[in-house]
Amino acid sequence: MPVTTSPILVALDYHDLNSALQFVDRIDPSQCRLKVGKEMFTLFGPSLVKTLQGRGFDVFLDLKFHDIPNTTAHAVAAAADLGVWMVNVHASGGARMMNAAREALVPFGNDAPLLIAVTVLTSMDEDDLKGLGITLSPAEQAERLARLTRDCGLHGVVCSAQEAVHFKQVIGQDFALVTPGIRPAGSDAGDQRRIMTPQQAKLAGVDYMVIGRPITQSADPAATLQQILQSLQEA
Ligand SMILES: O=C(O)c1cc(=O)[nH]c(=O)n1[C@@H]1O[C@H](COP(=O)(O)O)[C@@H](O)[C@H]1O
């Protein structure tokens, strides 16, 4: 059973284990879940996930699998064996890959993680897509991939918060939207381009907000989390 209903997923982007764990010790599993990505998983592996789970946190294993269907299915099953709460693949791996990933989770029943797909990375623009031979705009390509993801029976997608209102309308209210690029009012945008506040994201229909540096680099992460949760109550 999930330990929290908080919509906040804190991106645990550290290259140093002690710094990561010092941060984790300052926040509460009732306030957020933790996203472990490629850097930390490559450095510290499944034992990091187990450590975080041992401290009471739900973990989103953000490894964005993209491979042939058989390999992707086995990787997703391995994530489920680890007991993670959410795992993801790249929607551009195609329908057969996503169907294989979904089927790999069937044996886990109610203990299976949520399975979501990445559409178009928020770092990609029209020129990047053109370089791949894709003439659609990033928003059009993201919608195409989100529809494909829904048709494959996955739980939702990672997308830009700017796409949330439209996706909820055309793809379905129950289709989960996970969005990075969230910045509490007054915090530094850093390298994120198209940002939204947590309140705006909630009103747009976002289900899970990925927030990294505004929380991990806060002088008082628990207070920052509390302020964000409070702002969501008021939205
Ligand atoms: O999949 C992601 O998590 C992701 C996808 C995307 O399109 N854009 C994006 O910023 N992210 C991640 O979201 C997190 C955002 O962190 P902050 O910019 O520090 O809030 C980082 O871990 C990014 O790698």
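Visitor: Where does UniProt place the feature "active site"?

Guide: The UniProt record, an unreviewed entry, puts it at Lys64. UniProt positions are given here in the numbering of this structure, feature names are shortened, and annotations may be inferred rather than shown by experiment. This is a predicted model, in which local features need pLDDT of at least 70 and side-chain atom pairs count only at pLDDT 80 or more, while totals for chains, interfaces and linings use all residues. Residues are numbered from 1 along each chain as its sequence is written, and side-chain values use heavy atoms, with hydrogens and water left out.

Visitor: Which strand holds Lys64, and which residues does Lys64 touch?

Guide: Helices (H or I, at least four residues) and strands (E, at least two) are DSSP runs, numbered from the N terminus. Lys64 sits in strand β3, residues 59-65. Contact means heavy atoms within 4.5 Å. Not counting residues up to four places away in sequence, Lys64 touches Lys38, Asn88, Val89, His90, Val118 and Leu121.

Visitor: Let's follow His90. Is it buried or exposed?

Guide: Buried means under 20% relative accessible area, exposed over 50%, and partly exposed in between (1.4 Å probe, protein chains only). His90 has 14% relative accessibility, so it counts as buried. You'll find His90 in strand β4, residues 86-90. Leaving aside neighbours within four places in sequence, its contacts include Lys64, Phe65 and His66.

Visitor: What about Thr179? Where is it found?

Guide: Thr179 belongs to strand β7, residues 176-179. Thr179 is buried, with a relative accessible area of 0%. Beyond its neighbours within four places in sequence, Thr179 is in contact with Cys159, Ser160, Ala161, Val206, Tyr208, Met209 and Val210.

Visitor: How do I read a helix? Which residues of α10 are buried?

Guide: Start with the general idea. An α-helix has 3.6 residues a turn, so residues three or four places apart point the same way. In α10, the buried ones are Pro221, Thr224, Leu225, Ile228, Leu229, Ser231 and Leu232. Seen down the axis of α10, these buried residues fall within an arc of 160°, so they line one face of the helix. The arc is that of the directions from the helix axis to the C-beta atoms.

Visitor: What covers that buried side, and what does the face turned away carry?

Guide: The cover over the buried residues of α10 includes β1 (8-11), α1 (17-24), α8 (198-204), β8 (208-211) and α9 (213-216). The face turned away from the buried side carries the exposed residues Gln227 and Gln233.

Visitor: How far apart are the end C-alpha atoms of α10?

Guide: The expected span of a helix is 1.5 Å times one less than its number of residues. For the 13 residues of α10 (residues 221-233) that should give 18 Å, and the end C-alpha atoms are 18 Å apart, which agrees.

Visitor: Which residues of helix α7 are buried?

Guide: In α7 (residues 164-171) they are Ala164, Phe167, Lys168 and Ile171. Down the axis of α7, they fall within an arc of 100°, so they line one face of the helix. Their cover includes α6 (138-151), β6 (156-158), β7 and α8. Just after α7, Gly172 takes a positive phi of about 135°.

Visitor: How many disulfides are there?

Guide: A disulfide is a pair of cysteine sulfur atoms within 2.5 Å. By this rule the count comes to 0 disulfides. Cys152 is in no disulfide, as the nearest cysteine sulfur, that of Cys159, is 17 Å away.
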